[in-house]
Amino acid sequence: MSDDSIRLKAINHITYNVKDKDKALVWYEEILGLKQIPKMVDSDHLYWLQLPSGAMVHIIENPDAPSAPSHHTAFEVDDIARARDSIMAKGVEVTDIQTRHDGQQACYLNDLDGNRIEICTNRASECWSRRRLTS
């Protein structure tokens with residue numbers, strides 16, 4: 001039975017741990033054709049890249065690369081509060097909803113094996129959307 005209150009609609013971003021973020025940035029740009037975009041968090045150990053579809057790849061410098069255990073996937077929802085409440089009603093612990101610099105909201109939970117899952121809204125800032133379309 002489907003639960004419409006947590007209907008997943010898109011992948012927002014994926015993360016990869018890398019040993020050298022600068023070398024990885026060049027590789028992702030040159031080999032995969034991803035474009036670097038401004039990051040919306042205060043952190044010096046990562047870069048944000050974007051696909052033409054708008055989906056993002058975040059490369060995170062970590063001496064223990066490759067991507068385990070902090071690898072996670074972010075799923076977009078229309079109503080984050082409703083989705084969070086529905087997941088919590090099923091007995092799953094979910095973090096508080098957080099708001100980033102660009103207005104996007106997110107909360108986090110773990111699956112049965114401890115894999116991190118992010119539930120998030122779409123990027124909220126109209127200014128950010130215009131910047132993405134013009135670059």
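What share of the contacts in the chain with a separation of 6 or more comes from residues 24 or more positions apart? The share is 55%, where a contact means heavy atoms within 4.5 Å. The model is predicted: local features need pLDDT of at least 70, side-chain atom pairs count only at pLDDT 80 or more, and totals for chains, interfaces and linings use all residues. Residues are numbered from 1 along each chain as its sequence is written, and side-chain values use heavy atoms, leaving out hydrogens and water.

The chain contains three helices and eight strands. Both are DSSP runs numbered from the N terminus: helices are H or I with at least four residues, and strands are E with at least two. Starting at the N terminus, the order of elements is β-α-β-β-β-β-α-β-β-β-α. Of the 135 residues in the chain, 39% are buried. Buried means under 20% relative accessible area, exposed means over 50%, and partly exposed lies in between (1.4 Å probe, protein chains only).

The eight strands form an open sheet with mixed pairing. Their order is S2-S3-S4-S1-S5-S8-S7-S6. Two strands pair if DSSP finds at least two bridges between them. Strand S2 (35-37) and strand S6 (98-99) stand at the edges. Each has a single partner strand, so one side of each lacks a neighbour in the sheet.

Strand S2 pairs with strand S3 (residues 46-50) in the antiparallel sense, over three bridges. Here Ile 37 has Trp 48 of S3 as its bridge partner. S3 also pairs with S4 in the antiparallel sense, over five bridges. Leu 46 has Ile 60 of S4 as its bridge partner. The hairpin of S3 and S4 has five residues between the strands, and Gly 54 takes a positive phi near 105° there. S4 in turn runs parallel to S1, joined by six bridges. His 13 stands opposite Met 56 in S4. Five of the six residues of S4 are buried, so S4 is largely enclosed by the rest of the structure.

Helix H1 (residues 21-32) lies across strand S1 (10-18), S2, S3 and strand S4 (56-61), and runs at about 10° to S3. Helix H2 (residues 80-89) lies across strand S7 (105-110) and strand S8 (116-120), at about 15° to S7. Axes are lines fitted to C-alpha atoms, for helices over the stretch in contact, and angles run from 0 to 180 degrees between N-to-C directions.

The structure holds zero disulfides, a disulfide being a pair of cysteine sulfur atoms within 2.5 Å. For Cys 107, the nearest cysteine sulfur is that of Cys 120, 8.9 Å away. Cys 107 is buried, with a relative accessible area of 1%. Cys 120 is buried as well, with a relative accessible area of 0%.

Confidence is given by pLDDT, the predictor's confidence in each residue, from 0 to 100. The chain has a mean pLDDT of 83, and 83% of its residues reach 70 or more. Among the elements, S2 has the highest mean (97) and helix H3 (residues 126-134) the lowest (48). Over residues 130-135, pLDDT stays under 50. For these residues the model has five contacts beyond four places in sequence.
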